[in-house]
Amino acid sequence: MNRQRVQSALLPVVAVLVAFLIGAIVVLADGKSPVRAAEAVIKGSMANRAAIGATLEKATPLILTGLAVIVGMKAGLFNIGAQGQLLLGSIMSAYVGYRLTVLPTVVHLPLALLAGVAFGAVPAFVVGVLKAYRGVHEVIATIMMNTILVNLTDWLAGGPWMQPDQAISKTPPIQASAEIPKVADLPVGFFLAVVMAFVVWFLLSRTTLGFELGTVGANRDAAHYAGMSVKGITVLAMTLSGALAGLGGAIETQGVVGRFEPGFNRGLGFDGITIALLAKVSPRAAIPAALLIGALRASSTQLQSIAQVAPEIVDVILAVALLLVAAPMIIRWALRLRNASGVEGVNLNTGWGS
Amino acid sequence: MRKTTGALAGLLALSMFAAACGGDDADTGSGSAETTAAGGATETTAAAMERGFQGDCASEEVFCIGLVTDVGKVDDKSFNQSAWEGAMQAAQELDGFADYIETVDSKDYETNIQSFIDKKADVVLTVGFALGEATTAAAKANPDTHFIGVDAFQGEVVPNLTGLVFNEDKAGFMAGALAGLLTETNVVGAVLGTDKVPPVVAFGKGWENGAKHTNPEVKAITTYHPGGLDVAFLDPTWGGQTAKQALDNNADVIFGAGGKTGNGALIEVAKKDGAYCVGVDTDQWETVPEAHPCLVTSAMKLIDDGVVELAAQVKDGSIEGGNYFGKVGLAPFHDFDSKLPADVKTEIEQIIADVDSGKLPTGVN
């Protein structure tokens, strides 16, 4: 049993190593030096305190969107909408952050965070209700919701909430009382994200709710037969998922960007899917997975500056790693289908094509 | 056997999904084919001049130019590419070095600018309106480095920051005037990047006014990309679709202005017999060969010339803060030179001269 666990944990590590190897080959084929590229990644992501801070800063929202996707997957839901949920959370935290002017930090900061959490949860809640009571597939609903939310936030930031007397769509900067500080170059938001990872782990593996969530994810009919409220759990899981993504958006606004500006939160929600799969749907493993991606993303300047490597190499490495991690899951899923045709097997897959 | 095929298909789908989610969401589709072609193009230019700071930039004698793009690419065949070509040319003429960093994440503007300051670049060239704020902040913090902001209009004068700006309305007006003369359906179309960027709006309004100047009957269909700054210039699919809509609505001259989005429009128009298209920023005859069947000219901002000029001014110390207005104009007609009626050419030349001198106002402020 233990050995099996070690092996299972080893898979992502090996996948990442192989991905780096393939990345090195791609760099070499481009006529650049993989050694210098490695040097660039080290320099850009961990060589000094500022670099470490940059890595942690990039990893923070990724942990949370990763957790968002994980919570959904545990309940058999594939939340592709983390991006939209994060955007809405981000702009609402910015709004509370700049609009309220007389609050002390102890009230203002958590209030703005809470706004992000609540408004990240709202669109996810709608998707959950649609799924539970109307049978609308969450993949479709979240994709559509993403489009709505991207355009809604764009409009808000370029319209009613736009900073006056300048041309770029963005909200005014948040008040100092809503800013999440950095302590010695290290972003405090990161530690909040880490705490959340443990909270989610505890929730999923040590509480009744977590057990119910997992049961619904593994087999809806069995959960129903056991007297669980499948509909209620579905809505709750989705809402929780959106709340986590919204928190990620709020921390981005309050800890990194300092306002909402369209385009500044690009791709964070989608990276969450990568992280959930790299972490093999384990909340605590989302931390190293996010750190890895954060480190690579933080290196994009140095990759170009030191090694003259196109920053797209990061996406190549991540895609290869993801493919290697996901391939066994898919193959197992296909084999399982053969054994018990039609029955939803690994909970990861229930949301996919059905 | 069938199951295996299913698994493989799933694997493939997942890998495509990962690729799509990883980065440039908007830059898929027709964009990928372009990139390969462009890669070749940049390499040929780069052959003359090696990219990178290969000398001691901290030294007085060694002149180094660092370029930072917006979330765009130096091989975009228009805006960024033009600036990069200018930087390389300047480096060559001034016997110095040039290097670039492409911004992947908007949150990294500062980091990217800072990396060139750390490398002791003499000139930091930031390309695009969106970098304006980060550039101003960096200029104030680093008075010994000179900054050039392409398209960044300077409201207040910072002594070591020069905005390389253009009268896009003039270029748009010239192109529109030609379109007004060429159209047979009396409908002209414009497919533009976002209206959140003032120079794009100036292009669009100038184009409309120019077309109406030479052809009062003309109807102008002008469409701006609805997305944010992050995608508006990277969406050739939308550009193509929008150009097609304009064609379906009888437009027969289309202006594509907005990085890859505009390129998508040009390539779409090229598929239709008898329709004309007009490129933007650089002479796109050189950069988008797929558009040859329709590309009659391009509304040019001579960014490369402006960069070369300003870099030389930095080197000899004559540069001033504030704004520097670069030249605008129409690109050569190339294959259409023989096809355009002589009277059209005479008239457009007169208009170009009058707009250039300010005698003919564009009606855009």
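Modeller: Gladly! A helix here is a DSSP run of H or I covering at least four residues, and helices are numbered from the N terminus. Please keep in mind that this is a predicted model.

With that in hand, look at the residue that follows helix 13 of chain A: Gln308(A) has a positive phi of about 55°. The buried set begins with Ser300(A), Thr301(A), Gln302(A) and Leu303(A), and continues with Gln304(A), Ser305(A), Ile306(A) and Ala307(A).

Elsewhere in chain A, helix 5 (residues 105-134) packs against helix 6 (residues 138-158), with axes 10 Å apart and an angle of about 150° between them. That angle makes helix 5 of chain A roughly antiparallel to helix 6 of chain A. From helix 5 of chain A, the contact draws on Pro123(A), Val127(A), Leu130(A) and Lys131(A), while helix 6 of chain A brings Glu138(A), Ala141(A), Thr142(A), Met145(A) and Leu149(A). By type, the residues of this contact are 6 nonpolar, 1 polar and 2 charged. The crossing of helix 5 of chain A with helix 6 of chain A is right-handed.

Now over to chain B and its sheets. One is an open sheet of 6 strands with mixed pairing, in the order 7-6-8-9-10-12. Its edges are strand 7 (219-224) and strand 12 (328-330) of chain B, each pairing on one side only. From one strand to the next, the twist averages 15°. Strand 6 (residues 187-192) of chain B pairs with strand 7 of chain B in the parallel sense over 6 bridges, and Ala190(B) sits opposite Thr222(B) of strand 7. Further along, strand 8 and strand 9 of chain B run parallel and are joined by 3 bridges, with Ile254(B) facing Cys277(B) of strand 9. In strand 9 of chain B, 6 of the 6 residues are buried, so the strand is largely enclosed by the rest of the structure.

Two helices lie across strands of this sheet. Helix 6 (residues 168-182) of chain B lies across strands including strand 6 and strand 12, and runs at about 165° to strand 10 of chain B. Helix 7 (residues 198-214) of chain B lies across strands including strand 7 and strand 9, running at about 175° to strand 6 of chain B.

A loop residue is worth a stop here: Asn249(B) lies between helix 8 (236-248) and strand 8 (253-257) of chain B. Asn249(B) counts as exposed because 12 other C-beta atoms lie within 10 Å, and the cut-off for exposed is 12 or fewer. Leaving aside residues up to four places away in sequence, Asn249(B) touches Val187(B) and Ile221(B).

Chain B also has an open sheet of 6 strands with parallel pairing, in the order 2-1-3-4-5-11. Strand 2 (97-101) and strand 11 (322-325) of chain B each have a single partner strand, so one side of each has no neighbour in the sheet. Strand 1 (residues 64-69) and strand 3 (residues 123-127) of chain B run parallel, joined by 5 bridges, and Leu67(B) stands opposite Leu125(B) of strand 3. Finally, helix 4 (residues 109-118) of chain B lies across strand 1, strand 2 and strand 3 of chain B, at about 160° to strand 3.

Definitions and conventions. Residues numbered from 1 in each chain as written. Chains lettered and ligands numbered in written order. Predicted model: local features only at pLDDT ≥ 70, side-chain atom pairs only at ≥ 80, totals over all residues. Axes fitted to C-alpha atoms, helices over the stretch in contact; angles between N-to-C directions. Parallel < 35°, antiparallel > 145°, perpendicular 65-115°, else oblique. Left-handed = near helix turned anticlockwise from the far one by under 90°. Contact = placed C-beta atoms within 7 Å. Nonpolar A, V, L, I, M, F, W, Y, C, P; charged D, E, K, R; others polar. Buried ≥ 20, exposed ≤ 12 C-beta atoms within 10 Å, placed from the backbone. Pairing = 2+ DSSP bridges.
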